[in-house]
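Come and look along with me.

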Amino acid sequence: MKMPGARIVLECLKREGVDIIFGLPGGAVLPIYDALYDFQGLRHILVRQEAAAGHAAEGYARTSGKVGVCLVTSGPAATNLVTALQDAYMDSMPIVAFTGQVPTHLIGNDAFQEADNVGITRPCTKHNFLVKDGKDLGPTIREAFHIASTGRPGPVHVDLPKDVLVKEWELVWPEKVHLRSYNPTYDGHPGQVKRAAKLLVRAKKPVLYVGGGVISADASAELYELAELTQIPVTQTLMGLGSFPMAHPLSLDMLGMHGSYYANMAVHHSDVLIAVGARFDDRVTGRVDAFAPNAEIVHIDIDPSSISKNIKVDVPIVGDCKRVLAKLLEAVREELREEPSAAVREGRRAWAEQLAQWKRDFPFRYEWSDEVVKPQYVVQEISNVTGGEAFIVTGVGQHQMWAAQYYRFKHPRMWCTSGGLGTMGYGLPTAMGVQAANPGKLVINIDGDGSFAMNSQELATCFTEGLPVKTVIINNSGHGMVRQWQRIIYKERYCAIDLPGIPDWVKLAEAYGCVGLRVTKPSELVPAIEKMISTPAPVVLDVCVDKDECVFPMVPAGVLGRCQPSTYNRVRLRPAPPSGLAWLVIWPGTRRSLSASSRSSLAGF
Amino acid sequence: MQNGSGPRKHTIAVLVENKFGVLSRVAGLFSARGYNIESLSVGETLDPSVSRMTLVVTGDEFVIEQVTKQLHKLIDVIKVSDLTDDDHVERELMLIRVNAEPQHREEILRTADIFRAKVVDVTPVSFTLEATGDAGKLEALVELLRPMGVQELVRTGKVAIARGSKVRVRKVDAPKKARVSDDPKVVGFAD
C-alpha cells in the first residue's frame, strides 16, 4: 500500500518503538504534522525552541535507555538544533533527529529556510542522512536507529526534503539492518581481559575510574560486583555519576578538576588504573604526562578511537563495558583461586588505610553560615530530602559542580548533565525529556541563574504538556563560574558577570503558569524543598545564595606541576600533599594565592 | 603523549561506500582534528558500490593511529589499511606542458624517453608529456624540463597498492578487462 512519505516516517517511528517525539513544526515538516494529526500511538511534545527538543530527547534517552527522537523544520530550526546534536555527540547520547528540508529540486537554490543541514551536522553527529528518494525512508530510519543505539551511542540526523514527505511511496521495512562498514566490537579480546585480570589482582594500589560508558552499557551491576569482589575503590567521572553508589565505602566520588581530593590523590598514586567507559577527558587528566604517572592503565571502551587518544594505555580492551566486565569478573575469580602474595596483601591494606585517611581528612567541605544560604547546602538538602531517589538534571556552571559533589548518587540513569560540551541552558529542556520518559517520578533540575535563563521559555512547555519538573535555581546573581575564574586567575578583574536580580524568577514562573517559591535564609530551605516536592505543578524554587562562594577543590590539574604545590595551599591544606604531586589544590580559604606566572599558565585552560 | 618515532609520510588506503558526502566526511575528519592531507585520490573499485581513496598523511605514530581509528569510526568507511610499512607499489601520474622551441625539441623527447614518459599532445611550440612514477621521479623530470619553460603541470596525487598475492578487497565478479601490459596507452609502470 502506498502512503505519503510523512506517514511512512511515523509508521517507521512506531515500529522502532518510539512513543514520544519532541518537536516544533515549520514549513518543511508540515506534511509530518499533517500526518500526526490523526496518527495513533505517538505523543508529540511541543517545545518552544528547537535546541530544547534535542536536549529533551537526550534526557529521554539517558533515563529510559531508549533512543530519543526530535523533529524540527529546515533552516533556522536545524541550525538551532546543532547545539543539542553536538552535546549528544560529546556525551554519547542515542538520539535520532529529524529535520525538514526544502524540496529536492530546490536544494542548493538558496530557497526560503534552506540550509545545508547535512553539511552542518556532519561533524556533530555520529552519522547523518539526506533522504532523496522515498523508497529509502524505511531503510534509512532503520539504519539511523541502529547506528544511534549500538556501539558507542550517539546522535544521528535524518534530513527530509518536503517533496519526499508529500509524495506517496511503498513502505520498505527491512527486518534486519546490516551495514558492512559498521560492526562495533562488543566482546573484549580474551587475552587482554586475562592480562587485565592478572594486573588487577597483583596491584597494590588499584583504582577503578569509571565513566558514562558504564551507564550507557547498563554495566553498573557488573561494576559493583567487581569492586566488591576485588575491594578496589571506584571513582566516577561527571558523566559516570550514579554508576556506583556513593554511600558505598569503596566510593571515592568524582575525580577531576572539581573532583574530590581523595579521588585525585588515589588516581595520582595508583599503580594500576582501570578505566571503564571513560575517555580521559582533559577535565579529568589535566596535564597528561603528569596523570597517574606510576600506573599501568587498563582501558575498557567500546570506541577504539578513545583508546590511547590522550593517554597511552597499557592494556587496551575494545568492547562493551557490560560484557567485558562480566568476562573480567570470571578471569579475576580464576586468578583469585591462588592466594595473593603477602606483599600484595600488605600493599592493599596500606592503600585502603591511606584512602580512608584522605577521605577522613579532606572531605568536600564549605563554611557554614546562618545568615546566607550556601549553595552546597542547597544540594545537600535536596540530596537528604530525596534520599538520592530523584532524577537530577543540571545546567552548566558552579551549581553543576556542586550538584556533582554534594548529591549522594545511588542509581544509574538518574543523572543528566552536559559533561562534554558544557551547554548552558541544558537543564530545563533535558528535565522535560526525563519527566516525559518517567511520568509520576520526581525530576529536579538544579540550575544556575545564568544557565536557567538560556532556556527558561521551556517553562511554557512544562506547563502546557503537564511535565511537573522542579527547578531549583542556585541564584548567585551572576555567572558564578566565570566569576570564580576571574577571581582566582584574572586578579579579580570582574568583567561581564553580573546578572543583578532580574528577572524575578518567582514572577516569571507564575507568568508561565508554574509555581514560584523563594528562599533567602538557610532556615527556610528545607520546608521550601518539601513544599516544592509536594506541589503537583512545575515549580521554580529561587534560592538566593552566597555569590562569593567558589567551587573547591579546584584542581587545574598538572598545569602547575613545575611549581611547588605547598606554596599555594599553605592556608588550609595541612598536611601539604606529598611532593611530586603534580596538582595544585586550591582549597577553601585560599584566596590571593597565585603568582603571575601561574595565573598565565592557568589561563590557557 | 610520548611517541615511538618522529613524523613521516604514510600512505593509507581507504575503502569507502560510494555515496555522496563520503569525501566530505573524510576531508572533514582531517580538518576537524587539524591533520593535513598531502594528497588524496579517489576512484571506483571493481565493485561499483565501493570507492578507494589513497591518502598521503604526514604524522608520528600517535597521529597516524588516531587517523586510522577516526577513519574507521566513520560509518561509511569499510576498511582502512596503512600501506607504508607493507611491501607496496605507489604511483602518481603527471601531465606537463612544456615549451618546445626547435632547438629543444630533441632534448625534450630524449628526456621523456629516459623517464618513459609519453607525448600526448604536440604543437609547433609545445609538448605535453604524460609521466608516471613515484614522487621523486616526477620531481626529477620537472627539474629537467624547467629550463625549457614549463607552461602548466598537473599531478593526480598518489595511488598505491600492496604487492604480492594478498587479497585486500573482496573478490567481485567483474567483466574481463585487458591486462595492464596489454593496454598500449599505459606506459611506464615497469621502472
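What pLDDT does chain A average, and what share of the residues score at least 70? I looked it up: the average is 91, and 92% of the residues score at least 70.

**Ground rules.** I am reading a predicted model, where local features need pLDDT of at least 70, side-chain atom pairs count only at pLDDT 80 or more, and totals for chains, interfaces and linings use all residues. Residues are numbered from 1 along each chain as its sequence is written, while chains are lettered from A and ligands numbered from 1 in the order in which they are written.

**Where I read with care.** I found pLDDT under 50 over residues 587-605 of chain A, with 32 contacts beyond four places in sequence. I count two residues as in contact if their C-beta atoms, placed from the backbone, lie within 7 Å. Where pLDDT is low, the predicted coordinates should not be read in detail.

**Overall build of chain A.** I noted 24 helices and 20 strands in chain A; these are DSSP runs numbered from the N terminus, helices being H or I with at least four residues and strands E with at least two. The C-alpha atoms fill a box of roughly 75 × 60 × 45 Å along the principal axes. I also checked the contacts between residues at least 6 apart in sequence, and 76% of those in chain A join residues at least 24 apart.

**Burial.** Of the 605 residues in chain A, 55% are buried. Buried means that 20 or more other C-beta atoms lie within 10 Å of a residue's own; with 12 or fewer the residue is exposed, in between it is partly exposed, and C-beta atoms are placed from the backbone.

**Cores.** I then looked for nonpolar cores, which are sets of buried Ala, Val, Leu, Ile, Met, Phe, Trp, Tyr and Cys residues joined through C-beta atoms within 7 Å. The largest has 179 residues, and A:Cys70 and A:Ile95 are among those with the most contacts inside it. Helix H4 (residues 76-90) of chain A gives this core its largest share, 9 residues. I followed A:Cys70 and found that its contacts include A:Ile21, A:Phe22, A:Ala56 and A:Ile95.

Is helix H11 (residues 261-269) of chain A enclosed or open? I found 9 of its 9 residues buried, so H11 is largely enclosed by the rest of the structure. Its cover includes strand E9 (206-210), strand E12 (272-276) and helix H14 (342-361) of chain A. In helix H22 (residues 522-534), the buried residues are A:Leu525, A:Ile529 and A:Met532. They pack against helix H15 (375-386) and strands E18 (470-475), E19 (515-519) and E20 (539-544) of chain A.

**Domains.** Chain A is assigned domain 1 (2-170), domain 2 (190-361) and domain 3 (375-544); such bounds come from an automatic or database domain assignment. The C-alpha centres of domains 2 and 3 of chain A lie 31 Å apart. Between them, 12 residues of domain 2 are in contact with 13 residues of domain 3. Chain B is divided into domain 1 (8-86) and domain 2 (89-155), with 30 Å between their C-alpha centres.

**Where the chains meet.** My last entry is the contact between the chains, which takes 15 residues from chain A and 18 residues from chain B.

Key: pLDDT is the predictor's confidence in each residue, from 0 to 100.
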